[in-house]
Amino acid sequence: MAPRRLKSCMSENLLTILTVMGVVGGTVLGLILRNVRDSGDWSKREIMYVQFMGDLFLRMLKALILPLIVSSIVSAIGSLDLSLSGKIGSRSIYYYATTTVCAVILGIILVLVIRPGEIGSAEYEADKSKVPTRNVTTEDTLLDLIRNIFPPNLIQACISQYRTELVDPHNESIPLKSWKIEHTYADGTNTLGLVIFAIVMGITLAKMGEVGKPLFDFFHSLSEAMMIITNWVIWISPIGVLFLVSSKILEIEDLGEIVGKLGIYFAVVLLGLFLHGFGTLTIIYYVCTRELPFKAIGQMGQVLVTAFGTASSSATLPISLQCLDQMGLDPRITRFVVPIGATINMDGTALYEAVAAIFIAQIREVQLSIGSVIAISVTATAASIGAAGIPQAGLVTMVMVLDTVGLPSEDVSVIIAVDWLLDRFRTTINVMCDLLGACIIEKMSKGELAAAELRQQEESVELTHLRKSEA
């Protein structure tokens, strides 16, 4: 009996086990390759060769994101009653806002209590060459975020995002806000704008009824097709994750720096992410459902490992939706809630940016007032929404948070050494929060979904009788 149960467990969780082995194997392979050479240095070309299989896996996942997000949201909202769509949307926004604010508050409390920046502060030196180069003010960043919600060209939104740039006049006497303003389009999908369009399109199709059914059927079929392709791609994840992790380990300049002078900062961020993921989210889940989330988290193992390996919540989206389908959740909820969460809900990023900003202020011995701490919390929340679901986007928005409290942007280089690893942990928490949110909202909406389904069946029967009587 026991061998049969073990065999059944292994077969059900084979992909998760293989992906975990991919992470462990990638770590071991990376360490072995580093130690093969006395210097430990690998050229960028050699690292590119090691990363090649991982890049292919990421490219496959990213190719699915755009059609999957649009078709999923349109088909989910289009299949719901408009009043029910509004309730589910409101619950999603309340949930994401609550978890993000809780994450920021938790991060600020930890960094102010432990004060990691006051230990060994003399050892930190900023390196301007490592700072993400972009001249921009906090106001411009927030305005760009709002502008991208309303893309003027949907085709262009698939490949680029609107961005404000300030042209350096090469005159130090001219303040930043007096520089010449240029408006450009940067490479990268405007996911936020496409999500808003998909929501509006879904509401429109739901309102159109039978007239809009052909277009609704197209989006529904496209969504199902994307999920089938995802099911094929997902089996490459163990190999892709293995080479992504091993190549990242080869890129590290100094492994000792992670456990050395940045060790306490690293530990504070990890502690915050752990407490948020298994403390705050557990409390919220229990309050809303009267159940503990650990069984659900156990079923999300494949998704969480993939999130850690890819460091991208967007790239993990196809696998997230497939996992929730396997858990038996209503696809009308998951295809509505999760794509929106992958776009705007970045709890881990918000916590990390709040901790990092105050940590940098501590090592520079800058005293922060209550107003400055509140400004950091508000800006970190806004920046986390503006951070695209791509690797290390939080590092760019980090400059915006530092600017809020008057810290120099080059101080971002202080934390770059450990950002690649923290990025993986915070992405895992981001994804877990999205999936738990879908579980919560599905349980809260179950009665309303059943009632809406019953109404649709009654309307369908009435329509059938009406057509027969007319015939």
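Visitor: Which helix is I229 in?
Guide: I229 sits in helix α8, residues 213-233. Keep in mind that this is a predicted model.

Visitor: Is I229 buried, exposed or partly exposed?
Guide: Partly exposed, with a relative accessibility of 29%.

Visitor: How far apart are I229 and L61 in space, and in sequence?
Guide: The C-alpha to C-alpha distance between I229 and L61 is 9.7 Å, while 168 residues separate them in sequence.

Visitor: Switching to helix packing. At what angle do α7 and α15 cross?
Guide: Roughly 155°, with the axes of α7 (residues 191-208) and α15 (residues 331-344) coming within 10 Å. Angles over 145 degrees count as roughly antiparallel, so that is how α7 and α15 run relative to each other.

Visitor: Left-handed or right-handed?
Guide: The crossing of α7 with α15 is left-handed.

Visitor: Which residues meet there?
Guide: From α7, T191, L192, V195 and I199; from α15, I340, T343 and I344. Sorted by class, the contact of α7 with α15 has five nonpolar residues, two polar ones and no charged ones.

Visitor: And α14 against α15, what is the crossing angle there?
Guide: Roughly 160°, and the axes of α14 (residues 313-326) and α15 come within 10 Å. α14 and α15 are therefore roughly antiparallel to each other. Their crossing is right-handed.

Visitor: Which residues of α14 and α15 meet?
Guide: On the α14 side, S313, S314, L317, S320, L321, L324 and D325; on the α15 side, P331, T334, R335, V338, P339 and A342. The contact of α14 with α15 has seven nonpolar, four polar and two charged residues.

Visitor: New topic. How many aromatic pairs does a search of the whole structure find?
Guide: Six. One of them is F218 with F219: the ring centres are 5.3 Å apart and the planes are at 70°, so the pair is edge-to-face. F219 is buried, at 10% relative accessible area.

Visitor: What is the geometry of the F308 and F425 pair?
Guide: F308 and F425 are edge-to-face, 5.2 Å from centre to centre with 70° between the planes. F308 lies in helix α13 (residues 301-310) and F425 in helix α19 (residues 416-470), so the pair ties together parts that are 117 residues apart in sequence.

Visitor: Is F308 buried or exposed? And what about F425, buried or partly exposed?
Guide: F308 counts as buried, at 18% relative accessibility. F425 counts as partly exposed, at 28%.

Methods:
Residues are numbered from 1 along each chain as its sequence is written. This is a predicted model: local features need pLDDT of at least 70, side-chain atom pairs count only at pLDDT 80 or more; totals for chains, interfaces and linings use all residues. Side-chain values use heavy atoms; hydrogens and water are left out. Axes are lines fitted to C-alpha atoms, for helices over the stretch in contact, and angles run from 0 to 180 degrees between N-to-C directions. Helices (H or I, at least four residues) and strands (E, at least two) are DSSP runs, numbered from the N terminus. Angles under 35 degrees count as roughly parallel, over 145 as roughly antiparallel, 65 to 115 as roughly perpendicular and the rest as oblique. A crossing is left-handed if the near helix is turned anticlockwise from the far one by less than a right angle, and right-handed if clockwise. Contact means heavy atoms within 4.5 Å. Ala, Val, Leu, Ile, Met, Phe, Trp, Tyr, Cys and Pro count as nonpolar, Asp, Glu, Lys and Arg as charged, and the others, Gly among them, as polar. Rings of Phe, Tyr and Trp (its six-membered ring) pair if their centres lie within 6.5 Å; planes under 30 degrees apart count as stacked, over 60 as edge-to-face and the rest as tilted. Buried means under 20% relative accessible area, exposed over 50%, partly exposed in between (1.4 Å probe, protein chains only).
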